[in-house]
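Subject: Structure for your files

Dear colleague,

Here is the structure I said I would send. My notes on it follow below.

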Amino acid sequence: MRRFLCLLVLCVLPWAAMAATPTHTVLIVGDSLSAAHNIAVEKSWPALLAKRLDTMRPPWRVINASISGDTSVSGRQRLPGLLAKYQPKIVVLELGANDGLRGLSIDTLKGNLTAMIQASRKAGARVLLLGIELPVNYGPRYRGQLRAVYADLAKQFHAPLVPFLLEGVALKPELMQADGLHPTAAGEPRVLANVWEKLKPMLNR
């Protein structure tokens, strides 16, 4: 009887370990808005997302490949290696803020994001776009052009879009850091809520 129980445990434990192993990956490619800028990593929206997805069955894992200061050019350069390494089912693209803050070419931004969407889809991943808004001092024309990049790409590729990642956060001083650009830890759950609204249906597909 004891031998039978031991064999049963040996059979069950590997199965349990396999059941707890994430079978799908969400890859986040972004900048400081996703890289826990000046806050504890565990308070960032990608970390909060990872905790939420870990409760799903089967669980998903989150790979946060965001780097502060990244532009669409650097993200495009990094993406092929990330796709090959992690083989994600979903790619979350959160890039463009630094392009905009530096006044870089809107056409270049659009071209880079287009290439990233195409590369992700070729690798078998679905794409979620996270849009961003610039401060008002950048002028309505440039701000409108940047906003249109995300809307146009979402329409062209039939991709889910969060129009403004910091919706409900950016205009609340108590949820923003002193630089006026990055959320505090208190603002990160709202950022996650913005992402979750579009991401959740993708997980269930």
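How many helices and strands does the secondary structure of the protein come to? There are seven helices and five strands, taken as DSSP runs numbered from the N terminus (helices are H or I with at least four residues, strands are E with at least two). This is a predicted model, in which local features need pLDDT of at least 70 and side-chain atom pairs count only at pLDDT 80 or more, while totals for chains, interfaces and linings use all residues. Residues are numbered from 1 along each chain as its sequence is written, and side-chain values use heavy atoms, with hydrogens and water left out.

Overall picture

From the N terminus on, the order of elements is α-β-α-β-α-β-α-α-β-α-β-α. The protein has 205 residues, and 45% of them count as buried (under 20% relative accessible area; exposed is over 50%, partly exposed in between; 1.4 Å probe, protein chains only). Among contacts (heavy atoms within 4.5 Å) with a separation of 6 or more, 77% are between residues 24 or more positions apart.

The five strands form an open sheet in the order 2-1-3-4-5, with parallel pairing (two strands pair if DSSP finds at least two bridges between them). Strand 2 and strand 5 (161-162) stand at the edges with a single partner strand each, so one side of each has no neighbour in the sheet. Strand 1 and strand 2 run parallel and are joined by five bridges. His24 is placed opposite Trp60 in strand 2. Helix 3 (residues 72-86) packs on the sheet and touches strand 1, strand 2 and strand 3; its direction makes about 165° with that of strand 1. Helix 6 also packs on the sheet, where it touches strand 4 and strand 5, and its direction makes about 160° with that of strand 4. For these angles, axes are lines fitted to C-alpha atoms, for helices over the stretch in contact, and the values run from 0 to 180 degrees between N-to-C directions.

Helix 2 (residues 45-53) has Trp45, Pro46, Ala47, Leu49 and Leu53 buried. Their cover includes strand 1 (24-30), strand 2 (60-64), strand 3 (90-94), strand 4 (126-130) and helix 7 (188-203). Leaving out residues up to four places away in sequence, Leu49 touches Ile28, Val62, Leu192, Trp196 and Leu199. The largest nonpolar core has 57 residues, and Leu49 is among those with the most contacts inside it. Such a core is a set of buried Ala, Val, Leu, Ile, Met, Phe, Trp, Tyr and Cys residues joined through side-chain atoms within 4.5 Å.

Leu153 lies in helix 6 and is buried, at 0% relative accessible area. Beyond four places in sequence, Leu153 is in contact with Lys110, Leu113, Thr114, Ile117, Leu129 and His158. The C-alpha atoms of Leu153 and Lys110 are 7.9 Å apart, although 43 residues separate the two along the chain. Arg143 is also found in helix 6 (residues 140-157) and, at 18% relative accessibility, counts as buried. Asn112 is in helix 5 (residues 106-122) and is buried at 5%.

Regards
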